[in-house]
Amino acid sequence: MDISDLFAYDCPAYPLPHISGGTSEFVATVYLTNRCNMRCAACYVSAGSGRGELSIYQWKHIIRELDEAGARYIYFLGGEPTMSPHLPELIKFSSELGLSPSLSTNGLAGSSNIARKLAESGLEHVQVSLDSSNWMLNDELRGAGSFRMAIKAVREFRKLAIPINISTTVSDRNFNDVNGALMFAEEIGAGGMNFIAVQSFGNAEINHLSLSYRNARVAIAQMLAYKGPLKITANGFRFYLKPDEFFRASIGNKLTCPAGKNYIVVGADGKVYGCDLLMVKGIAVGNALSIDMRHIIEKRFSDLNERKSVTFKPCSFCMFRASCQGGCPARALNAFNTIYANDPLCNWSTHISN
Ligand code: SF4
Ligand code: SF4
């Protein structure tokens with residue numbers, strides 16, 4: 001597999017690179033609930049409780065606004081979105097508006113009743129979280145019983161002919177299992193895999209889960225060596241590439257941050273963010289219940305838009321500045337308390353041309 005195919009959109013938060021990556025189509029992730037039945041070691045939102053959740057009427061208002069603002073895809077997330085009683089009706093509502101609804105599940109959606117109800121509501125795609133082909137390692141990372149639940153979910157959605165993608169967070173714990181995970185995903189009937197480099201936010205930061213350069217290279221080598229039928233994508237791996245690979249991966253504008261441009265996130269309380277990691281940092285640009293969504297999208301992301309001109313060092317001297325635009329603003333914020341700084345994962349000295 002060529003590196004340019006592997007990188008459909010290199011943002012560790014962007015949920016649908018395998019579907020819409022590389023295009024300018026507008027994706028909205030909706031955190032329907034913060035409740036979760038699991039406590040995954042790498043969960044960046046540290047999901048758990050369900051405080052202050054919105055009513056179904058409030059969610060319908062927000063979804064209508066997203067549609068009017070030009071969203072094409074709506075991705076239901078949490079927590080575990082199937083823990084919200086509103087999920088089937090909101091999928092139906094989204095579908096009737098012409099949005100393409102998909103969701104992420106840890107496998108709880110795999111009960112045949114829930115899966116059928118979601119399919120009948122108009123669900124078009126499902127992403128199932130699975131971090132290893134080894135059940136013990138998976139359950140260590142994602143919680144007891146999660147391996148069994150995820151497989152059941154894949155089987156149920158397969159029966160219903162809903163396309164399934166496996167989402168795998170890659171860290172120093174499971175980097176060696178990329179090939180095993182690909183073989184396993186083929187065996188259980190998934191259509192693709194999205195490998196996400198672990199991000200040092202939320203539980204991952206608390207649990208000191210990280211991904212070393214050496215281990216990331218091992219993981220990438222396994223992805224590149226894959227010759228099977230699954231469509232695979234790598235998210236959040238750009239700074240583990242060598243310069244020539246970085247160049248090839250950037251073709252087609254696939255390394256620029258989509259936050260506030262063709263991607264936004266609505267939190268479980270209606271607050272709007274550029275992306276999931278900016279939500280974790282609490283950088284809201286307004287609340288969808290009180291401000292018109294079009295106004296938010298047109299006027300409230302000026303900081304992120306301004307950052308794209310890369311006026312800060314060392315990025316302003318970098319030969320990759322046009323295609324990289326300083327990397328991930330959320331990681332810069334996390335490390336340096338400002339988005340006007342280079343991505344802390346960047347080994348920039350190797351990229352500077354003068
Ligand atoms: S120096 Fe800046 S623009 Fe260049 S690769 Fe690093 S983060 Fe990207
Ligand atoms: S700030 Fe941009 S690149 Fe970073 S996670 Fe968010 S959307 Fe992705």
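Strands β2 and β3 pair in the parallel sense over four bridges; here, two strands pair if DSSP finds at least two bridges between them. Helices (H or I, at least four residues) and strands (E, at least two) are DSSP runs, numbered from the N terminus. Within this pairing, F76 stands opposite L103 in β3.

The model is predicted, so local features need pLDDT of at least 70 and side-chain atom pairs count only at pLDDT 80 or more, while totals for chains, interfaces and linings use all residues. Residues are numbered from 1 along each chain as its sequence is written, and chains are lettered from A and ligands numbered from 1 in the order in which they are written.

The overall picture comes next. The chain holds 16 helices and ten strands, and its C-alpha atoms fill a box of roughly 60 × 45 × 35 Å, taken along the principal axes. With 354 residues, a compact globule would have a radius of gyration near 20 Å, and the 19 Å of the chain agrees with this. That radius is taken over C-alpha atoms, and the globule rule is 2.2 Å times the number of residues to the power 0.38. Of the 354 residues, 53% count as buried. A residue is called buried if 20 or more other C-beta atoms lie within 10 Å of its own, exposed if 12 or fewer, and partly exposed in between, with C-beta atoms placed from the backbone. Contacts, too, rest on C-beta atoms placed from the backbone, which must lie within 7 Å of each other. Among contacts between residues at least 6 apart in sequence, 72% join residues at least 24 apart.

The strands can now be followed one by one. In β1 (residues 27-31), five of the five residues are buried, so this strand is largely enclosed by the rest of the structure. V27, T29 and Y31 point one way from β1, A28 and V30 point the other way, and all are buried. β1 pairs in the parallel sense with β2 (residues 73-77) over five bridges, and also in the parallel sense with β8 (residues 263-266) over four bridges. A28 has a bridge partner in each of these strands: I74 in β2 and I264 in β8. What of β3 (residues 100-105), and how many of its six residues are buried? Six of the six are, so β3 is largely enclosed by the rest of the structure. Both of its faces are covered, with S100, S102 and S104 buried on one side and P101, L103 and T105 buried on the other.

V128 lies in β4 (residues 125-129) and is buried, with 26 other C-beta atoms within 10 Å. Leaving aside neighbours within four places in sequence, V128 is in contact with T105, G107, A150, A153, V154, I164, I166 and S167. V128 and I151 are 23 residues apart in sequence and 8.7 Å apart in space, C-alpha to C-alpha.

Another buried position is found in a loop. G236 sits between β7 (231-235) and α11, with 24 other C-beta atoms within 10 Å. Beyond its neighbours within four places in sequence, G236 is in contact with D10, P12, I196, A197 and Q199.

Helix α11 (residues 243-250) has F246, A249 and S250 among its buried residues. Seen down the axis of α11, the buried residues fall within an arc of 95°, so they line one face of the helix; the arc is that of the directions from the helix axis to the C-beta atoms. An α-helix has 3.6 residues a turn, so residues three or four places apart point the same way. The cover over the buried residues of α11 includes α1 (3-6) and α15 (321-324). Just after α11, G252 takes a positive phi of about 90°.

Two ligands complete the description. A residue counts as near a ligand if its C-beta atom, placed from the backbone, lies within 6 Å of it. Of the 13 residues around ligand 1, C315, C318, C324, C346 and W348 come nearest. This shell divides into seven nonpolar, four polar and two charged residues. Ala, Val, Leu, Ile, Met, Phe, Trp, Tyr, Cys and Pro count as nonpolar, Asp, Glu, Lys and Arg as charged, and the others, Gly among them, as polar. Around ligand 2 there are 14 residues, the closest being C11, C257, A259, C275 and C328. This second shell has 14 nonpolar residues, no polar and no charged. Helices α12 (276-280) and α16 (329-336) each supply at least two residues of the shell around ligand 2.

Technical notes. Contact = placed C-beta atoms within 7 Å.
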